[in-house]
Every structure is written in structure tokens, then in C-alpha cells.
Amino acid sequence: MERMALYENYQWLFSGKDKITLEKLVVCPRPSSIERFRLWFYLIGNKVLTGPSLGSWNYEALLKAYPKKGMNSYEFPHKVLLTLGMMGYFTGLSEDYCNSRKRDPGLGKIAGHGRIYQVNLLKVMGWESTVAEFLAGDLYDFKGWSPRRNLVVEFEIEDTTWEAYPLWQSAHQMKSISSLTMIDEADDHAKAILMKYAGCNIYELPKGDYKEAINAYNLSVAYSNLRDGIIGSCTVDDYGGRFYTMPTGMNSTFRLKYLRLDGEMVAEVDVGSAQPYFLGARILKEKGICSHWLEHCLAGDFYDWVKGITGMDGNKATIKKMVMAYIYSYNKPHDKRWFKYGVGLFSTRLDAYLKKNDKEIYAYIQHYKNHPVKGKKGKMRSDLSKELVKEEVAYIQRCLAHLPKRILCYNIHDCISCKMSDSATVKEVMLQVGRDMYGLNMRINIETL
């Protein structure tokens with residue numbers, strides 16, 4: 001009777017036609033079914049309780065994402081979502097059930113939409129799980145269930161990504177990231193922020209609060225993972241070839257404040273005004289012309305210079321966003337969004353200056369603006385961003401290859417993170433590689449707390 005009461009209280013998780021019986025929830029006639037349920041619990045739990053999703057997911061997407069043999073039952077996600085609700089991770093729905101199987105007039109096909117659950121953030125802060133784990137304790141004792149790290153099981157698929165990208169010195173980066181720890185103040189900071197938003201639907205928060213909550217949650221997850229020796233995998237995108245690891249997605253301020261590399265504070269050594277610099281350096285390499293644009297990148301006052309010649313208001317971050325929008329957009333006539341935040345006026349003024357004073361820079365950017373390409377999602381975009389990322393990737397790969405092997409380090413796009421005591425050596429290597437590749441003394445900055 002107690003179980004029936006719990007079950008009835010949480011049927012809001014499903015539409016009427018999708019209700020599952022209590023018997024289906026608690027009866028697993030074969031050991032393999034129990035194992036499948038446990039695995040599904042972590043697969044779905046990780047998706048709906050980790051990172052930006054925080055409750056927004058979709059059964060069909062889960063089934064497609066994990067097409068393991070024997071894991072294609074439509075019933076298992078229902079069991080898991082019901083269990084998560086009964087354990088108190090979900091407290092309600094912020095909108096009507098929308099896993100609709102009706103034909104979507106706009107798409108012309110059957111649509112399987114995600115849904116947003118109201119999540120108990122205070123409880124979610126204690127969620128610690130990975131796919132390769134089993135629940136501890138009695139499988140059917142809902143009140144006693146807790147996601148703890150006890151039993152670990154080996155699965156068929158092994159993560160070999162750390163061996164797959166030799167140009168990124170990935171084995172050395174894995175060793176370096178394995179030496180990362182995070183101080184306890186990080187967890188306290190994350191919890192204090194998450195408590196502020198307890199009971200809220202983060203998707204309804206103002207943009208600033210939403211970003212704060214997401215950053216705090218990601219910090220909490222990173223703290224938990226590093227404490228338990230989980231460093232994740234690495235990937236290389238197929239756009240410009242950038243290298244991604246666990247620290248890549250962390251807030252930059254949090255990285256400097258809370259991370260420790262082999263027990264020492266972290267420094268980030270990066271290229272000043274990286275994307276504008278690589279544009280100017282490419283033109284110097286191809287045309288033999290050192291532009292005013294490149295000169296100010298090397299002088300370290302590029303964004304102040306751009307602000308002055310365009311006469312725009314705003315801090316460095318605002319001007320930087322406008323510069324990136326100017327470089328990487330293509331010419332879109334009558335696009336009202338272009339003028340919404342002053343980018344249109346900014347672009348007109350910068351165009352006028354470059355056309356008169358930096359003709360090669362102007363012509364190079366305009367070529368890509370006037371010849372956009374279609375991206376993966378069918379939207380048109382300038383390919384200049386891809387070319388400059390490739391330039392950045394070639395430079396950073398070469399820097400990593402020339403660093404002394406004793407130095408623990410990992411890269412984050414145009415930045416190499418290392419121990420503070422090694423930052424001067426890393427800077428010198430990056431300067432030397434810049435001289436070898438471009439014949440220039442690049443602007444290299446050391447960022448510390």
C-alpha cells in the first residue's frame with residue numbers, strides 16, 4: 001500500500017496513455033533486467049540531472065544516444081523517471097507533457113519533444129554518478145536508495161580518446177589533468193549559489209542568474225569528479241580541430257581560483273587578442289604586409305584602438321564581442337538584429353577605417369563575408385572563423401610539442417595552463433614558436449588569480 005501511494009503520487013511524470021503499472025516497476029524476473037535497469041538509471045539520471053539539461057530530455061533521444069544491445073526497451077526510461085521522482089529529484093512539471101507523438105505540422109513528421117521538470121537543486125547537489133556504476137543497497141528499497149560510488153562494473157566500450165590525438169600530446173595532457181585537484185572552497189561556493197536558486201526553474205531565470213546557476217552547477221560537478229579521480233575523455237572537433245577536455249568547459253575565473261595542478265596554483269598563458277592576431281599574422285605571411293591591425297595586436301592595445309577609431313561606448317568585453325561579430329559574420333542585407341546592439345554602426349565605422357587605412361585586412365574579411373558557406377545545420381556562415389581556428393590550432397600544437405616534458409600542462413584553445421612556477425618557461429616557448437612561425441614577437445599574457 002505504501003508503494004502504491006508513492007506510485008500514484010508521481011504519475012504526473014507521464015501522460016495517461018503512458019502510465020506504467022506498479023508491477024512493471026518493481027518486478028524484474030531476470031538478473032539481466034535488474035542490470036539493465038541500474039544502467040538505465042545512471043544513463044538517464046546523468047542526462048536529466050547534470051549540466052544545462054537539468055530535467056529537459058526526451059525518451060527517443062535517450063534511446064538513440066545509447067543503442068546498446070538489449071537496452072532498447074521503451075519501458076525502462078519510464079521506470080527510471082518514476083524512480084527519480086519518487087526519490088525527490090523531480091518535484092513537478094514546469095509545462096504540460098510534451099513527449100508528443102502527434103504529427104508536427106511545421107516539421108511534417110512525428111515529433112518527440114523534450115520536457116522540462118522542476119528539479120530540486122538542493123538534492124541534485126548530492127547527485128554523483130557515472131555510467132559505469134551500480135546502485136548500492138536494496139534495489140527496491142526506494143527510501144534507502146542513494147547514488148553512492150560503491151560497485152563499479154566494466155562495460156564493453158573502452159574510452160581510448162586519450163590515445164587518439166598524438167598531435168595534441170594527449171597522453172601528457174591526460175597525465176597533467178589527472179594531477180588536478182580542486183580546493184574545498186569551490187564546493188562551498190557552488191552550494192551557496194545553488195541554494196539561492198533552490199526550488200526555481202532555471203529556464204525561467206533572467207539570463208545573468210541562469211548563467212550563474214549553470215556555472216555553479218558545473219563547478220559542483222567538476223569538484224566531485226576531480227575528488228573521485230574522474231577526468232573524463234578528450235575530443236577534437238571537426239570544425240577547426242580544437243582539443244576539448246574537462247577544464248575546457250569550466251568558467252575561466254573558477255579555473256584560476258579553485259584548481260590546483262600538482263598542488264600548485266594554476267597560471268594560464270595565452271595569446272593576446274588571439275583571433276585578430278592570427279588574422280593579421282596570416283596576411284603578413286601571405287602578402288608580406290604588416291597592417292595597423294597587426295601592429296596594435298602586438299602592442300597589446302588592439303581593443304582600445306578599435307574602440308577609439310569606431311567611437312563606440314562599452315568595456316573591453318563589449319568591444320571584443322563586436323569585433324568577433326564583425327569578423328565572423330557574412331553580409332546579410334536588411335537583418336534588423338545586426339543593428340540591435342550597435343553592431344551595425346560599429347561595422348560601418350570599422351569598414352570605413354579599414355577600407356582607407358588597412359586595405360588588405362578589409363579585403364580579406366570582405367572576401368569571406370561575400371562568400372558564405374552552409375554550416376552543418378543549414379545556416380549560412382563566414383568560413384573565416386574556421387580558417388583562424390586552424391591557424392590557432394597549428395600554433396598551439398607546435399607549442400605543446402616544444403615544451404619540456406617535465407612541465408605539466410593542458411591547453412584551452414589559445415591558452416596553455418600550467419603551474420604558476422612554470423609559466424615563465426611556457427611563455428618563452430610560446431614566444432619562440434611565434435618567432436619561428438611568423439617572425440614576430442607575439443603578445444603573450446600570463447593570467448593568474
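Residues are numbered from 1 along each chain as its sequence is written, and side-chain values use heavy atoms, with hydrogens and water left out. Because the model is predicted, local features need pLDDT of at least 70 and side-chain atom pairs count only at pLDDT 80 or more, whereas totals for chains, interfaces and linings use all residues.

Helices and strands are DSSP runs numbered from the N terminus (helices H or I, at least four residues; strands E, at least two).

In helix α12 (residues 292–299), the buried residues are Trp293, Leu294 and Cys297. Seen down the axis of α12, these buried residues fall within an arc of 90°, so they line one face of the helix; the arc is that of the directions from the helix axis to the C-beta atoms. Their cover includes α11 (274–287), α13 (302–310), α14 (316–328), α16 and α17. Just after α12, Gly300 takes a positive phi of about 85°.

Asp358 is placed in the loop between α16 (343–357) and α17 (359–370). Asp358 is buried yet has no salt bridge, and the nearest side chain of opposite charge, that of Lys359, is 10 Å away; in this assignment Lys and Arg count as positive and Asp and Glu as negative, while His and the chain ends are not counted. The side chain of Asp358 does, however, reach the backbone nitrogen of His292 at 3.1 Å. When residues up to four places away in sequence are not counted, Asp358 touches (heavy atoms within 4.5 Å) Ser291, His292, Trp293, Trp305 and Tyr353.

With a salt bridge defined as a side-chain nitrogen of Lys or Arg within 4 Å of a carboxyl oxygen of Asp or Glu, the count comes to 13 salt bridges. In one of them, Glu268 is paired with Arg255, the closest N and O atoms being 2.7 Å apart. Glu268 lies in strand β9 (residues 264–271) and Arg255 in helix α10 (residues 252–258), so the pair ties together parts that are 13 residues apart in sequence. Both Glu268 and Arg255 are buried, and both are touched by Ile412, a residue of strand β12 (residues 409–412) that counts as buried at 7% relative accessibility. The C-alpha atom of Ile412 is separated by 8.2 Å from that of Thr245, although the two residues are 167 residues apart along the chain.

A further salt bridge joins the side chains of Lys285 and Glu391 (2.9 Å, N to O). Lys285 lies in helix α11 and Glu391 in helix α18 (residues 384–402), so the pair ties together parts that are 106 residues apart in sequence. Lys285 counts as partly exposed at 49% relative accessibility, whereas Glu391 counts as buried at 7%. Within α18, Glu387 and Lys390 lie 3 residues apart, about one turn of the helix, and their side chains meet in a salt bridge (4.0 Å, N to O). Salt bridges that share partners join Arg282, Lys285, Glu387, Lys390 and Glu391 into one network.

Notes:
Buried means under 20% relative accessible area, exposed over 50%, partly exposed in between (1.4 Å probe, protein chains only). A polar contact is a pair of N or O atoms within 3.5 Å; within protein, one must be able to donate a hydrogen and the other to accept it, and residues adjacent in sequence count only if both atoms are side-chain atoms.
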